[in-house]
Each structure stands twice: as C-alpha cells, then as structure tokens.
Amino acid sequence: MRHFASKSGSSFSSSSFPPSSLFFSAALVFSLIAAISVLGAIYTLSQISTEDAVAAATLKYERNIRDLTTKLNLSQRSIAVEASSIRSSLAEFALARDAGQKAIALADVAQRRSKLNSEAKSAKEISEGFKDIELTNAFSQIEVLAAALWSDDAEAARQEADETFPTGEKLLKDYDSRAAELMSGIEKANIRLATIVEIQDQYISHAAWKIDWARANAITNTQLVTFWTVVACFLGVAAVSVRITNPLVEITRALKRLTLRDLNRSFLDLESRSDEIGDLARAYNEFRDIILDHVEAQKKLSEQQALLESDQRQIALLAARFDVALSAMPLGLLMLNRDRRILVLNWKARELLEINECSSQPDRDLREMLNCSSNAGCLGFEGVDQVEKAVDQFLTLPKETSFHIKTQQERLLEFSLHAGANDGILILLEDISVRHKAETEIHQLAWFDPLTGLPNRRLMFRVIDEALAQNAGLRSPLALLYIDLDHFKEVNDTQGHSAGDELLRGAAERLRSVVRASDMVARIGGDEFVILQRDVCRMSDIETLARRIIDAFENPFEIGGQEVRVGASIGVAKPARNKSTRETLMREADTALYRAKADGRNAWRFFRPSMHAAAVARRNLEFDLRDAIRAKSLDVYFQPILRADNQEISACEALTRWRHPTRGPIPPAEFIPFAEEVGLISALGAQTLEDACRACASWPGDIRVAVNVSPSQFEKGDLIGDVEKVLADLDLSPSRLEIEITESVLIGDTERTKRSLQQLRSLGVGVALDDFGAGYSSLSYLHHFPFDRVKIDRSFLSEASGSARARSLLRGIVRLAADLGIGVVVEGVETTQHFQLVREECPSAEVQGFLFSPPVPARSLGELFCRDGRRKVA
Ligand code: C2E
Ligand code: CA
Ligand code: CA
C-alpha cells in the first residue's frame, strides 16, 4: 500500500483536512454582502418608517397639542369665569344684609368653588398631557391656588356671616388677594403654555425638516446601499473567481491533463494554500504522484511483462532446444527425484543401459530400471548395487561424485552424480571405453617411455618430488641411482639404432629385475636410467642394489644374433635432511656417475662433496671453451696428405687445436667429444671450416683441404649454409673442399643427413668417409653413398703390417673402392714399412701420417709445399 504523502512530506487524510476555511471565507464574503444589503435595507426602511412615524406622530402630536391647548384654554377660561363668579358671589355676600342672602351668596360661592376646583383639577390633568413638568407644576399650583381661594375659610366665613355682617368686605379683600395669586398662576401657566406651544411649533417644524431630511437621506442611502451591494457583489464574485473558480478551473484542467496522461505539466503550485483549494491541490498532487507512481509501476510492469514474455519465449525455445539436446546429447542423462523416481531419461541413457522405452517410463523406480538393464545383460548385479548405493549416499549427503562401472560386455560406463532440481539427482552417463583406452594410452605416453615401458623422466621427477616432500625433515630412507650404459653409443653408432633400441629394452628388463616392487626404475634419456630406491635402512642396502645392477650387466646381450657387451656405470646420491631438492639430488647422482665413468666405468660411486668440485671444473671448462670459440682463439693445424706414388701433397687435413690458458694444450679426442656433449660443436666446426678454407685459398690451386665434421653438425647446425657462405666469401672452388665424416653420421640415416650429403655433393664439395675399418665398417655405406674418398683408419695399417689377413682385407677394400671410383687415403703411415706396404698393396692411394708430417700450423705449410719445388715431404 502506498503511503498517502504529499510532496512536502505532510501527509493527510480526509480526517486531517483543516476546517473549511474556504467555506468560512465564502460565507464571510457573502454574509458581509448580505449584511450590508440587509443593513442598508433595514436602515432605508427604518428611515422611511421613521419618516412616516415621525410624520404621523407629529401630526397626532400637533393635533393633540392643539386639542389640549384648546381644552386648557377653555378650562382656564372656566377657572377665570368661576373665580370671577366666586368674586361676584362674595361681593353679593359682602353686600348682603341678612343672613339669608348671605347664606345664598355663600352657597353660590361654595357651588362655584367646587366647580372651580374640578375645573382646576381637569386643567391640571389636561396639562399633564403636555408632559411638561413646568406646565404641570404651573397647573398644580393653579389647582392648589383654586382650592385655596375658599376652602379654608368657608366655614369661618359662614359663621362670621352669621354673627357679623360687615365681615364680607374682609373676605372679599382676602379673596381678591388670593384671586390675584390665582390669576398670576394662570398667567404663568399661560406663559408656559405659550412657551410650550412655541416649542411644539419649533418641534413640529424640526420634525418636518427631519422628515424631509430623512426622505432625502433614504434615497441617498438606497443608492449607496445599492452601490456598495453591487461593489460587494462584484468583489465577492472577483474574489470567488480569483480564489476559487480559477484554481478550480486549473485543478480541473490539470485533472483533465492527468486523464490524458499528460503528466509533465500536471503539477499544481497551490499547495501553500491552507484552504480547501490547497487541500484539493495537495490531494490532486498526491493523486498525481500516485498516478505517476502508478504509471511508473505500470511501465515497469509492462517492461517486466515484456521481459517475462521474452523469458517465456526463451524458456520455450530452451525447452525445445533442451528437448533436441537431450535426445541428441552424446551423454546419457538421468534425472531422479528424492524418491528415486525417474523424471527424465534420454535416449542415450537408454541405449547405454540397454533398456527399452517402457522400462524407463517416467515415474518408474530407479531399482526397477536398473534391474531391466541387468536383465538385458548390461549392468551386472554389482553394478546395480553400486549405482543404488551411490544414489542413496548422494541423497543423504549431496556431494558430486563419479564412478565407473564395467558392463557385462566389458564396456566402461562412467556415472557422474550431480545435484538436480528440488533435491533430486542428475546422473550423467558416458561410455568411456574408448576414451579410457585413449587416456590410458595418453597416460602411458605422457608418463612412460614407449621403448622400454619404464616410467619416463617426467614421472620419475614427480615421484622423486613426492618422495622428498613426504620425507622432508626425516632422515630420508631414499637413494637415487643414476645409471648410464657404458659403450652404448658405440653400439648405437656402429650397429644401428634398432640394435640400440633392442639393447635399451634388454637393459630396462635387467634393471627391472633387480629392484623391489617398492623401488622405481625409469628411463630418463638415451641410455640413462634412474632408480629410486626406497626403504633404505643401511648404506649396505644401496651397495647391494648397485652391485646387483652391475652384475646384471655382466652377461652379454644378444642383439641381432650378435653378442653385445655393455656395462653400467652408477652414480648414487642420498637426500640430505631438509636440504635436498630433486635438482640437487639428480645433480649429485650425475656427478657421482661422471666419476664412476671417469674411474673406468662399470662401477658405482657414492656422491661425495669433493666430486662436486670436478663437476664445477667441467662446467668451467665448458665456459672456457665457449670463450675460446667466441674469441676465435682455437688454432687450426694442417696435416698433409700425399700421393703414395710420387709423394706430392694433394691435400691437407684441418685439425683443430685448443691451448687452454691454464691447462695448456687439450687434445681433440678430449675437447671434440666434450664440445659435442655441451652443444658447442657447431660453432667450433663453423670456425674451423672458415679458417681451413681461408688457408686453402692461399695454397696452390690443386691442393684440397679436408675438414672433419661431427654428426651433430648435420643434425643441429646449418652446415650447408656455412659451407656455401665460406666458399662464396673466399671465392674458393668447391672442388677444393672435402668434408670428412665418420660412419656414425650415416648410422642415423636420417633424411636430413642424406639431404645434406647430397647437397654437399651437388655443390661440388667432396665427401670422404673417415676412420673406415675402425667401427662397424659396413661396405654397404660405400655402395649406397657415392663418396669421393674413403680414409682407412690407422688401426687397419698397424694390424695389416703384421697379419696377412688384414693385408688382403686392405687390398680388397682398395680394389673395391677403385672399382666404385672412390679414392683411398691410408691414415697412420708412421714408418717407412707402413709406406712400403701401402705402395705395394695400393699404389694409387694417398697417404697421411707422421712419417710425412704431423699436423702443423698453417704458416709452416708453405715450407712443405715449396720443398724441392715439388711439394714433397721428407
Ligand atoms: P682424425 O680425423 O682421424 O684425424 C687424424 C688424427 O690422427 C689426428 O689426431 C692426427 O694427429 C692423428 N695422426 C695423423 N697421423 C698419425 C700417425 O701417423 N700416427 C698416429 N698415431 N696418429 C696420427 P688429432 O689431431 O689428435 O685428432 C684426433 C681426432 O679429433 C681426429 O681424428 C678427428 O676425428 C677429431 N678432430 C680433430 N679436429 C677436428 C675438428 O676440427 N672437427 C672435428 N669434428 N673433429 C676433429
Ligand atoms: Ca679426419
Ligand atoms: Ca681419421
């Protein structure tokens, strides 16, 4: 419910409306107008009626006064008459001589006197009609004076009259004085009356004036009243229209606008008024606010409704999609309610569980469905139990879980349980047989060596890390044995990679056979193996294992029908408490291994800190060699190659020399393999190639230069690029350069090597097979690759000089080479016997050896070239 509150915050309800001040003000205005009108009317009417009344009263009064005046005048006259009558009687009395006359006169007096009194009384009463005290007093005095004329002395006079006659005169005298008083009283009364009449006349004339004034006034008043009434009415109407009608019209318009939803101009600024218009305006504004709110709410509502509708459409769409997705989804989907009843089961789930549609109807019990699957030969009894158990567990404690079940046909189904709607369960089903197999394979590939099936370096490292973490802080019962097969490289180089592979498999098998189940053997590189030995209680445990490994390699391997002997060198390291990391442990074992090899191989050595120094020295040597290559401080010596028949120099072999700043000269047999090992051979070879070619460029044009190239130069460096560049830079004919390779280059028989050799040949560069007869010496190499030359290893010559068999072999090879159009160089000609032998067996060959010259610096060659002008040596 909306709180009924105005903008200003004052809330009101019908009960809180202020008293009807508008009514009061309107009533006041109209009452004022009415009062003015009524008062004006009353006043005018009263004026008119006063005028009439005054006129009537004046008339009546005038008449009355005239009546009274007449009457009073009559009475006065009567009084005067009576008084004079009494005087006459008194005079008669005074003159009378007898008592009888006197008595008659007196009786007459008495009669007259009572008449006088009544006249005086009536005069007084009439005078009262004038309501004039002075007049009334005057007549009261007349009345008294009239009474006093005779009353007091009448008896005495009568008695006197009886006794003495002459008393009448005295009486008369007295009477006259009294009558004079009376007359003066009457005179006074007359004066007063005259005054009154005069006053009355004035009064009447004033009244007449007043009537005239009133009449004139009434007309003016009527006009004024009319005017003021009109003014009041006009003001009233104006006030009403300004104060009431206009606001009402405004409110009405606003209301109309409101009904037309024109809300912008609809606010009324009349709230400050405290009357009903104010109330109306406030009520209106409240109402408008309510409407505004209402409109706003309606807007929101319609927006929400639109949203809702779009949501509903979305939901319908989603539902449709869900339906399609459900039936198309590659996963089986099963939804259960809390009572384990089926809510949804898609087609894929039915397929995976091998159940028909009817046994999976919604509202079926899970158990029923699982039994159907079991009866159909899909899930086994254990599988059914497992699913039920997992569902029950999930219902008590909803925690996402997944498990695998093998079907009766060995398919692997993955069930994953998730929380469904309304405390239900959502089960996703997937046939992971293929994936599982692939995962197993991937796992195998990721963690195991495909050749030997042993854990690979990665897995071993992980296991070492875990073992070290587990044993952190303890005296670790672990040992790491780093094993390297002795002479494996030779086997690999000479007998080929497949032989090498077979050897590795055999070695892995033997290693596996000597460890306990708790130990772990891994192949971590070419011919390198690592054993993580656990539960090492004594040092003798490690020694025992090391000895067993060495013993295991005592017997030869049989590879390709041949016996191959390889030994094992072992470096052992034990983790130090809290100190060792996998890296340090591996480094220590490697250092110990290096020592074992250096000490003659087929042995095991424990890591000692002193060995570390040797490893450091080796690392320093590497840095030194790197520096020497960078500083171009390696020298190239040249050993001449001569034609056996005329002993003329036909070529020179470039042989690299390294004079170490502290250790002195280091033989190539040491630093060349070292350079190969530490990856510096390509840089070294490129430098030698350049120096050799530069030297050759200064030699007579028919003398070649032979440059030795290591196998890894074919595999890693850009040999062809280097050759091309150096020939171009020095403008040297390619035919003057000969590349010497050993069999090991060919054993790899990689596409890359083959391509490189062909490229060299197509450049016009010669290729010689070096050290022939020292290793595997397959004749097929000569056959398969068109060498320009074959260099027969010096061991051949030293053997041939003492053995007829070796001699005939030498002869055979030379002949074969000649047949194939391949030149022959016999190396290691040290003595004249050697030379003699060569000249006898292969006169067309070339020779090289200390007999003619050791390798010499380039500057010493000139001497050789010019000796006897025929470039003959010795
Ligand atoms: P290699 O290619 O067979 O070189 C001939 C080796 O035999 C040289 O040894 C040479 O001094 C030695 N020699 C020559 N005549 C006789 C002789 O009458 N009797 C004996 N006992 N030895 C003789 P060096 O200079 O010590 O070189 C050893 C090996 O080092 C070379 O054997 C070659 O394989 C390698 N080498 C030398 N320099 C280079 C190089 O720049 N690059 C590569 N990749 N290898 C090189
Ligand atoms: Ca050589
Ligand atoms: Ca050689």
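How much accessible surface does the chain have, and what share of it belongs to carbon and sulfur atoms? In this predicted model, the figure comes to about 46700 Å², with 55% belonging to carbon and sulfur. Turning to burial, 43% of the 874 residues count as buried.

A compact globule of 874 residues would have a radius of gyration near 29 Å, yet the chain comes in at 80 Å. Along the principal axes, the C-alpha trace spans about 255 × 85 × 55 Å. The chain contains 27 helices and 22 strands. As for how it packs, take the contacts with a separation of 6 or more: 64% of them are between residues 24 or more positions apart.

Then there is ligand 1. It has 20 residues around it, and those that come nearest are Gln639, Thr656, Arg657, Glu830 and Phe850. Sorted by class, the shell has six nonpolar, seven polar and seven charged residues. Strand E14 (649-660), helix H17 (668-677) and strand E18 (766-772) each supply at least two of the shell residues, with E14 giving the most, at four.

Gln639 places a polar side-chain atom 2.9 Å from a nitrogen atom of ligand 1. For Thr656, an N or O atom of the side chain sits 2.4 Å from a ligand oxygen, while a polar side-chain atom of Arg657 lies 2.8 Å from an oxygen atom of the ligand. Taken alone, ligand 1 exposes 790 Å², and the protein buries 83% of that.

How values were computed. Residues are numbered from 1 along each chain as its sequence is written. Chains are lettered from A and ligands numbered from 1 in the order in which they are written. This is a predicted model: local features need pLDDT of at least 70, side-chain atom pairs count only at pLDDT 80 or more; totals for chains, interfaces and linings use all residues. Side-chain values use heavy atoms; hydrogens and water are left out. A residue is near a molecule or strand if one of its heavy atoms lies within 4 Å of it. A polar contact is a pair of N or O atoms within 3.5 Å; within protein, one must be able to donate a hydrogen and the other to accept it, and residues adjacent in sequence count only if both atoms are side-chain atoms. Accessible areas come from the Shrake-Rupley method with a 1.4 Å probe; for residues, only the protein chains shown count as cover. Ala, Val, Leu, Ile, Met, Phe, Trp, Tyr, Cys and Pro count as nonpolar, Asp, Glu, Lys and Arg as charged, and the others, Gly among them, as polar. The radius of gyration is taken over C-alpha atoms; the globule rule is 2.2 Å times the number of residues to the power 0.38. Buried means under 20% relative accessible area, exposed over 50%, partly exposed in between (1.4 Å probe, protein chains only). Contact means heavy atoms within 4.5 Å.
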